[in-house]
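Dear colleague,

I am handing over the structure that we talked about, and my notes follow below it. Please look through the model first and then read on.

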Amino acid sequence: MNGKPTLDDVAAVAGVSAKTVSNVLLERPHVAEATRARVRAAVQKVGYQVNRAGRGLASGRSGRIAVVVPKLYQPYFAEIAERLIVALGDAGFSSTLRIAPDAHAERDAVLGVTTADADGVIICPHRLTTELLGGHVPSRPVVQVGGGRTGLIDVVVMGESTGFEAVTRHLLDSGRQRLALVSNSTRSGRPEGARYDAFVAAHRARGMEPDPALMVAGSDWDRRVSGYEAMTGLLRSGAEFDAAVGINDAVAVGAMRALRSHGLRVPEDVAVTGFDDTDEAGFTVPPLTSVSPEQREMVAAAVQMLVERLDGLDVAPREHLTGAHLVPRASSGARS
């Protein structure tokens, strides 16, 4: 066989017509199960790759997937959006990028109000909840990457707890005793979420309690200026601390800028860490210790789950838990 395998090649191996092969690949009815099995085996044998664009035209699908993120100025969301678009392209899909800046926009994206032109949705949410969806199950395949579980859609669960506990232990093990948590603003006005819980757990594992006076947040979330604002307020309070744990890299970068503006050295006076291991983390001065949520695995899992749904998989909502690992750099005193 020369060149790229074709439908005719599959048909010859399976002993059926090219039309029958097409019917099997499009999952049309009225094809005997034995024939379906023979065609699928032939597809594997000759290495035939389904042309999803053509398949979409024949099946009434657009071949387009909506990639939805809450923002693009935050490096993590920009990076994962690009990874998703590339991976979907490799799988034969085109993409449309949507911004969902608030809870209602996330709900509308999941339920198809703003994504009706797409065959499916991959969303990286910030505020999506079961209550927000009102118990509604989307009519098209939707996969969530990160965020809280809803129980209504497939989700790739980020290793937030594992990663944040690891970075907190890293600082405590290096001899830092008073760790500030530089977080995002919340509606309750108190720190919350998996990363906060892991921060507390790492302290308690050593018989310590984090100081609430060292838990600060800016007026916004996920912005460098939020970290700058929160750290400036902490420094003006006169509280003593020897490390700052950023809820993410963007916030940590802002905190580092505030420390330098006040004449403090990183890491000699204050160690600083982030979370997400964005590209920016390796280029700060000094380079920022961070946590990698293993984006490649997250993206691969999300695309696979979506493709399985598009190919007809009908099971209860699934969860795929990914890992997370510490990436030590000079901002916490590690050699980089």
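In which sense do strand β6 and strand β8 pair, and over how many bridges? Strand β6 (residues 179-183) and strand β8 (residues 243-246) are paired in the parallel sense, over four bridges, where pairing requires that DSSP finds at least two bridges between two strands. Within this pair, V182 stands opposite G246 in β8.

A word of care about the source: this is a predicted model, in which local features need pLDDT of at least 70 and side-chain atom pairs count only at pLDDT 80 or more, while totals for chains, interfaces and linings use all residues. Residues are numbered from 1 along each chain as its sequence is written, and side-chain values use heavy atoms, with hydrogens and water left out.

The two strands belong to an open sheet of four strands, in the order β7-β6-β8-β9 and with parallel pairing. Because β7 (215-217) and β9 (271-273) stand at the edges with a single partner strand each, one side of each has no neighbour in the sheet. From one strand to the next, the twist averages 20°. Helix α9 (residues 194-204) packs on this sheet and touches β6, β7 and β8, contact being heavy atoms within 4.5 Å, and its direction makes about 175° with that of β6; angles run from 0 to 180 degrees between N-to-C directions, with axes fitted to C-alpha atoms, for helices over the stretch in contact.

In the whole protein chain there are 12 helices and 12 strands, taken as DSSP runs (H or I, at least four residues, for helices; E, at least two, for strands) and numbered from the N terminus.

Best wishes
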